[in-house]
Amino acid sequence: STAPGLCRVWWALASAHLGRTAEAEAALEALLAEESEGALQALYGTHAILCEVLRLRGDLPGALAHGRRAVELAEERGSVFSRVEAAAFLGAAELADGDLTAATSVLERALALARDRRTALWYEPRILATLADAKRAAGDRSGARALLAEARESVERGRGWRLSACDVELARVRLLASEPVPDRTAIESALESVEALATELG
């Protein structure tokens, strides 16, 4: 049924972020082999989380293939939540692959949809942080700073999970490190925030 499948999908995501990416990938591939087109929610979710797991493993072609399939399924027959979630993972993979235009387009649409429909807003901090990374990569540090300020405000309002707070702080570290004259004190402070969040997550 869908519920056990979704539990396995989220277990795999947690495992991947704890460093057990090979184990997570194997579990998701096994789940994908069991699922039917009828179990749409679990099916798109498996592709979306495989996108994230493979991105973390460095398999960007695989991540993009699964991310695009997740978005396709979500757009065809999914909910607003599924469309935002799938796009959040695909956007991160597009950015990791160096396609700033595709990443920005996917993520901006997802953010607008989430805000317009007041759905999947727990992805808002992560989407904003990924957009900030895209701005930084394009050389627009002021744009990145503005997006990160929004992302941190979103976390402070209680949006997102703790992993999203990590995404925001890591994006802040990358932005600080990219400054022409990096502020080592600010970087160390940001890294301490990441470490505190990581400890909290266990």
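Modeller: In helix 9, the buried residues are Ser-164, Ala-165, Cys-166, Asp-167, Val-168, Glu-169, Ala-171, Arg-172, Val-173, Leu-175 and Leu-176, where buried means under 20% relative accessible area, exposed over 50% and partly exposed in between, with a 1.4 Å probe and protein chains only. This is a predicted model, in which local features need pLDDT of at least 70 and side-chain atom pairs count only at pLDDT 80 or more, while totals for chains, interfaces and linings use all residues. Residues are numbered from 1 along each chain as its sequence is written, and side-chain values use heavy atoms, with hydrogens and water left out.

Colleague: How many residues does helix 9 have, and what does it reach from end to end?
Modeller: Helix 9 covers residues 162-178, which is 17 residues, and reaches 25 Å from its first C-alpha to its last, close to the 24 Å expected at 1.5 Å a residue. Helices here are DSSP runs of H or I with at least four residues, numbered from the N terminus, and the expected span is 1.5 Å times one less than the number of residues.

Colleague: Changing topic, which residues lie nearest the centre of the largest pocket?
Modeller: Those are His-17, Glu-52, Leu-163, Cys-166 and Asp-167, out of 27 residues in the lining. A pocket is an open set of points on a 1 Å grid over the protein atoms alone, where a 1.4 Å probe fits, with protein on both sides within 12 Å along at least five of seven lines, and lining residues have an atom within 4 Å of a point.

Colleague: And which helix gives the most to that lining?
Modeller: Helix 9 does, with seven residues, although helices 1, 3, 5, 7 and 10 are also among those that each supply at least two.

Colleague: Glu-52 came up there; what does Glu-52 form a salt bridge with?
Modeller: Its partner is Arg-126, with the closest N and O atoms 2.8 Å apart, a salt bridge being a side-chain nitrogen of Lys or Arg within 4 Å of a carboxyl oxygen of Asp or Glu. This pair links distant parts of the chain, with Arg-126 in helix 7 and Glu-52 in helix 3, 74 residues apart, and both residues are buried.

Colleague: How many salt bridges does the structure hold?
Modeller: There are 19, and another of them joins Arg-115 and Glu-150 at 2.9 Å, N to O. Arg-115 lies in helix 6 and Glu-150 in helix 8, 35 residues apart.
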